[in-house]
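Here are my notes on the model, as numbered points. Please read them alongside the coordinates.

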Amino acid sequence: MSVQLTGLDPAGDLLLGDGRKLRLVGLAPRQSSEETSRFDAGLRGFLGRPLGLAVLGEPDRWGRLPARLSVPSATPGEPAQDLAEWLLRQGVALPMPEPGLSPCAVPQKAPIQKTVTSRTQVSPLTAVDGHDLAAVKAQEGRYVMLEGRIASVGERSQRTYLNFSRRPKEAASIVLSRSLWRELKSAGWTASDLGGKRLRAYGVLSGRDGLLLEVASRTALELID
């Protein structure tokens, strides 16, 4: 299906000419006016151009369709270019690992901050210490790279919690779905072996106290030691 982009809405989401809103999968939400401006600037060259659309799911609670957009090649026979991957390479967006995305399509490391011919790229994510309550709570609602040492693993029927403290509300926790925990166990992760291991995770901090980071994909987790 061919569509056209008209720009961003006030919330920073992509708008199509037919009125639909999109969320490009694999890209982290913009968290400041500066990030939104850079993202908008990166998109300007594609406004009004015919783009390929692949819708990957139902609208979320904000009415956004998770989707991929592709840029047709000007050379016959060459494959189309994925717009999200192009934006990542240009440094105007940050990656967000999601289910179904291959690790090579969404790099774990954020772009390095540098200036190239007057274009300032997105600065890299700075690790948030999952044991520092003040630092974690200050990032509530934001997409972060969280690091900490696992103190305990809580397996529940629908969720598994990788806790950075044995006491509630003393540190952050990583939340895994039942299917993701099953996938990790198949890869050799066990509750008994994870204790004391240092973990890095990517996601949005939420929860009643802003101490929960729900991980949706294996590519959003990394054991450091």
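1. Which residue in β11 is the bridge partner of valine 128? The partner is leucine 146. Strand β10 (residues 128–129) pairs with β11 in the parallel sense over 2 bridges; two strands pair if DSSP finds at least two bridges between them. Helices (H or I, at least four residues) and strands (E, at least two) are DSSP runs, numbered from the N terminus.

2. On provenance: this is a predicted model, in which local features need pLDDT of at least 70, side-chain atom pairs count only at pLDDT 80 or more, and totals for chains, interfaces and linings use all residues. Residues are numbered from 1 along each chain as its sequence is written, and side-chain values use heavy atoms, with hydrogens and water left out.

3. Overall content. The protein has 5 helices and 17 strands. Of its 225 residues, 40% are buried, where buried means under 20% relative accessible area, exposed over 50%, and partly exposed in between (1.4 Å probe, protein chains only). Among contacts with a separation of 6 or more, 54% are between residues 24 or more positions apart; contact means heavy atoms within 4.5 Å.

4. The cores. A nonpolar core is a set of buried Ala, Val, Leu, Ile, Met, Phe, Trp, Tyr and Cys residues joined through side-chain atoms within 4.5 Å. The largest one has 30 residues, and the members that touch the most others are Leu146, Leu162, Ile174, Leu176, Leu213, Val215 and Leu221. Two or more residues of this core come from each of β11, β14, α4 (178–186), β15 and β16 (212–215). A second, separate core has 22 residues, including Phe39, Leu43, Leu51 and Val71.

5. Leucine 162. Apart from neighbours within four places in sequence, leucine 162 is in contact with Ile150, Ser152, Val153, Ala172, Ser173, Ile174, Leu176, Trp181, Leu194 and Leu199.

6. The β12–β13 hairpin. A hairpin of 3 residues joins β12 to β13, and the two strands run antiparallel with 4 bridges. In a regular strand the side chains alternate between the two faces of the sheet. β12 has Ser152 and Gly154 on a covered face and Val153 and Glu155 on an uncovered one.

7. Serine 152. This residue lies in strand β12 (residues 152–155) and stands opposite asparagine 163 in β13. Serine 152 counts as buried because its relative accessibility is 18%. Its contacts, leaving aside neighbours within four places in sequence, are Tyr161, Leu162, Asn163, Ser165 and Arg166.

8. Threonine 160. Not counting residues up to four places away in sequence, threonine 160 touches Val153, Gly154, Glu155, Ile174, Val175, Leu176 and Trp181. Its C-alpha atom is 6.5 Å from that of serine 177, which is 17 residues away along the chain.

9. Lysine 169. Please check the backbone here: lysine 169 has a positive phi of about 65° although it is not a glycine. The residue is in the loop between β13 (159–163) and β14 (173–177). Lysine 169 is exposed, since its relative accessible area is 56%.

10. The largest pocket. The volume is about 970 Å³, and 39 residues form the lining, of which Arg23, Pro29, Arg64, Met96 and Val204 lie nearest the centre. Elements giving two or more residues to this lining are β4 (21–24), β6 (64–71), β15 and β16. By class the lining has 22 nonpolar, 6 polar and 11 charged residues; Ala, Val, Leu, Ile, Met, Phe, Trp, Tyr, Cys and Pro count as nonpolar, Asp, Glu, Lys and Arg as charged, and the others, Gly among them, as polar. A pocket, on a 1 Å grid over the protein atoms alone, is an open set of points where a 1.4 Å probe fits, with protein on both sides within 12 Å along at least five of seven lines; lining residues have an atom within 4 Å of a point. Grid points are joined across faces, edges and corners, and a volume is the space filled by probe spheres set on the points.

11. The second largest pocket. This pocket holds about 360 Å³ of space. Among its 17 lining residues, Pro168, Lys169, Ser173, Asp209 and Leu212 lie nearest the centre. The lining divides into 6 nonpolar, 6 polar and 5 charged residues.
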